[in-house]
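Please keep the structure in view while reading.

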Amino acid sequence: MGAAVSGTDELRARAEAALVRCGVEVGAVKGDGLAARTPITGAELFGLRGGTSAEVDRAVEVAHEAFRVWRLTPAPVRGALVKRLGELVGEHKADLADLVTVEAGKVRSEALGEVQEMIDVCDFAVGLSRQLYGRTMPSERAGHRLMETWHPLGVVGVISAFNFPVAVWAWNAAVALVCGDTVVWKPSELTPLTALACTALLDRAIGETGAPAGLSRLVLGTAEIGTRLVDSPLVPLISATGSTRMGREVGPRVAARFGRSILELGGNNAAVVTPSADLDLTVNAVVFAAAGTAGQRCTTLRRLIVHDDVADAVVERLGVAYGRLPVGDPLRESTLVGPLVNEAAHSRMRAALGRAAEEGGALCAGGERQLADAAPDGYYVRPALVRMPAQTAVVREETFAPILYVLTYRDLDEAIRLHNDVPQGLSSGIFTADQGEAERFLAADGADCGIVNVNIGTSGAEIGGAFGGEKETGGGRESGSDAWRAYMRRATNTVNYSGRVALAQGVDFSQ
């Protein structure tokens, strides 16, 4: 564990240098209304000019006009833009990772991994630009052809969260652009700098490929700016990542105007550990899933459901591993756990641990604040391991912090009931050497999440699979597989080449 953290002046200089290398005119974006901060020290880096409702409206109008041109551009040509974006992201991988670390507090390896995810999804989208397939179906009428085609949808509004400040935007933007859509992005007010850098790189790619200038627009600001975007009738799709509380506000507003939404919301993810599990593999996977990103992933492992026969051994091993985790400055290569994003996150963690104790929980490891002397306004904590007597109220809630609750079970049906007995349904896993147990967990009456894993943790999804969950997680899907369909509109087409009118279902309307 490091004894000191990088100073605010150093972090400010590092952020400004990365912004400049990515093509951001730093002087032009500085101003009042929004503060760029770093969780590494908890201090403000500099002020930024916040957006206004009128600027949101203008951004949407510009994107809508660009859409009129972009939708008629051949999809492989659209793919060339995304290919160039991926190349530029690769060239500025270190710069973007610097900004992710300075602004979101991610350790270096995770920051670089998030930027790599942007590159990967651009590669995926480029291939997708030649695979936006429809179907041809057999018609019941002779001399008729029945088929479906997919067309660009329009302006896509992207609202992203602080914990993945660049990857989630790339999931949406790369796929939306090859689908013929344009994008207006409202990032978290906690991570505006990464958004400025990404937008500058996309603007450069647009200029170099000759694409329409208004394809992508960025609006910075607080929740009010996001609400303006959500309510715009010129935005047929809103993709919003955040808390379930946020989703409860966004979803009905979009539905009220008959828009579409992709909601990626809370996750209270669990893994089952069976008696046959490889405990070395299990502990290694669990530690990253539970403590990575300081517990601030929607896929973070928050509940561990362990068979009675191995529970003591698992808790003992996890306690040792937790005690060895290097907590500190995320810019240091040796650090594995960086800071919580702000004081409010720390307060929520402390409150949850207090409730867990009141509900019969026993703290087995961690939970204490670190580096308070070196960084009095930075909130570093040692990940907490709490053994619970049952799945109590606090366990059923998502606390966005590194708290892992350990529960026990006697048979697999009980474990699956515990697993599913929460409002959220994002990511899940089972650790087992028994094929039957694995298949039972994967079955229709097994884990009820959108992501169900065997012998790996709940975090670290690849971009090739559709990402999203069920229940209060929102039900949306982003990134891989056929998630592209959400960004397009479907048309069912019938072509009559028979030379006569023939109605379906044998209807006769002849005179």
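## Helices that pack together

Helices α5 and α8 are roughly antiparallel to each other, because an angle over 145 degrees counts as such, and their axes cross at roughly 160 degrees. The model is a predicted one, and every value below should be read with that in mind. Helix α5 covers residues 93-104 and helix α8 covers residues 192-209, and their axes come within 8 Å. The crossing in which α5 passes α8 is left-handed. On the side of α5 the contact is made by Leu96, Leu99, Val100 and Glu103, while α8 contributes Pro192, Leu193, Thr194, Ala197, Cys198 and Leu201. Sorted by class, this contact of α5 with α8 has eight nonpolar residues, one polar residue and one charged residue.

Helix α5 also packs against helix α1, which spans residues 8-22. The crossing of α1 and α5 is left-handed. From α1 the contact takes in Leu11, Arg14, Ala15, Ala18, Leu19, Arg21 and Cys22, and from α5 it takes in Asp95, Leu96, Asp98, Leu99 and Val102. The residues where α1 meets α5 divide into eight nonpolar, no polar and four charged.

A further pair is formed by helix α11, residues 279-291, and helix α12, residues 308-324. Their axes cross at roughly 50 degrees, which makes α11 oblique to α12. The crossing of α11 past α12 is right-handed. Leu279, Asp280, Val283, Val286, Val287 and Ala290 of α11 make this contact with Ala313, Val314, Arg317, Leu318, Ala321 and Tyr322 of α12. In the contact of α11 with α12 there are ten nonpolar residues, no polar ones and two charged ones.

Two packed helices are described by the angle between their axes and the distance between the axes.

| Helix pair | Crossing angle | Axis distance |
|---|---|---|
| α5 and α8 | roughly 160 degrees | within 8 Å |
| α1 and α5 | about 145 degrees | 9 Å |
| α11 and α12 | roughly 50 degrees | within 10 Å |

How many aromatic pairs does the structure hold? There are four aromatic pairs, and two of them are described here. Trp169 and Trp185 form a stacked pair, with 4.8 Å from centre to centre and 15 degrees between the planes. Trp169 sits in helix α7 (residues 167-178) and Trp185 in strand β6 (residues 182-186), so that the pair links parts of the chain that are 16 residues apart. Trp169 and Trp185 are both buried.

Trp171 and Phe467 form a tilted pair, with their centres 4.9 Å apart and 50 degrees between their planes. Because Trp171 belongs to helix α7 and Phe467 to strand β20 (residues 466-467), this pair ties together parts that lie 296 residues apart in sequence. Trp171 and Phe467 are both buried as well.

## Two buried residues in helices

Asn172 is another residue of helix α7, and it counts as buried because its relative accessibility is 0%. Not counting residues up to four places away in sequence, Asn172 touches Val158, Ser239, Glu478 and Tyr487. Asn172 and Trp185 are 13 residues apart along the chain, and their C-alpha atoms are separated by 9.7 Å.

Ala125 is found in helix α6, residues 108-128. With a relative accessible area of 0%, Ala125 is likewise buried. Leaving aside neighbours within four places in sequence, Ala125 is in contact with Val82, Ala174, Val175 and Val178.

## Two residues with positive phi

Most residues other than glycine have a negative phi. Ala294, however, has a phi near 50 degrees, a positive value, and lies in the loop between α11 and β11. Its relative accessibility is 1%, so Ala294 counts as buried. Asn455 has a positive phi too, near 65 degrees, and is placed in the loop between β19 and β20. Is Asn455 buried or partly exposed? Asn455 is partly exposed, because its relative accessible area is 29%.

Technical notes:
Residues are numbered from 1 along each chain as its sequence is written. This is a predicted model: local features need pLDDT of at least 70, side-chain atom pairs count only at pLDDT 80 or more; totals for chains, interfaces and linings use all residues. Side-chain values use heavy atoms; hydrogens and water are left out. Axes are lines fitted to C-alpha atoms, for helices over the stretch in contact, and angles run from 0 to 180 degrees between N-to-C directions. Helices (H or I, at least four residues) and strands (E, at least two) are DSSP runs, numbered from the N terminus. Angles under 35 degrees count as roughly parallel, over 145 as roughly antiparallel, 65 to 115 as roughly perpendicular and the rest as oblique. A crossing is left-handed if the near helix is turned anticlockwise from the far one by less than a right angle, and right-handed if clockwise. Contact means heavy atoms within 4.5 Å. Ala, Val, Leu, Ile, Met, Phe, Trp, Tyr, Cys and Pro count as nonpolar, Asp, Glu, Lys and Arg as charged, and the others, Gly among them, as polar. Rings of Phe, Tyr and Trp (its six-membered ring) pair if their centres lie within 6.5 Å; planes under 30 degrees apart count as stacked, over 60 as edge-to-face and the rest as tilted. Buried means under 20% relative accessible area, exposed over 50%, partly exposed in between (1.4 Å probe, protein chains only).
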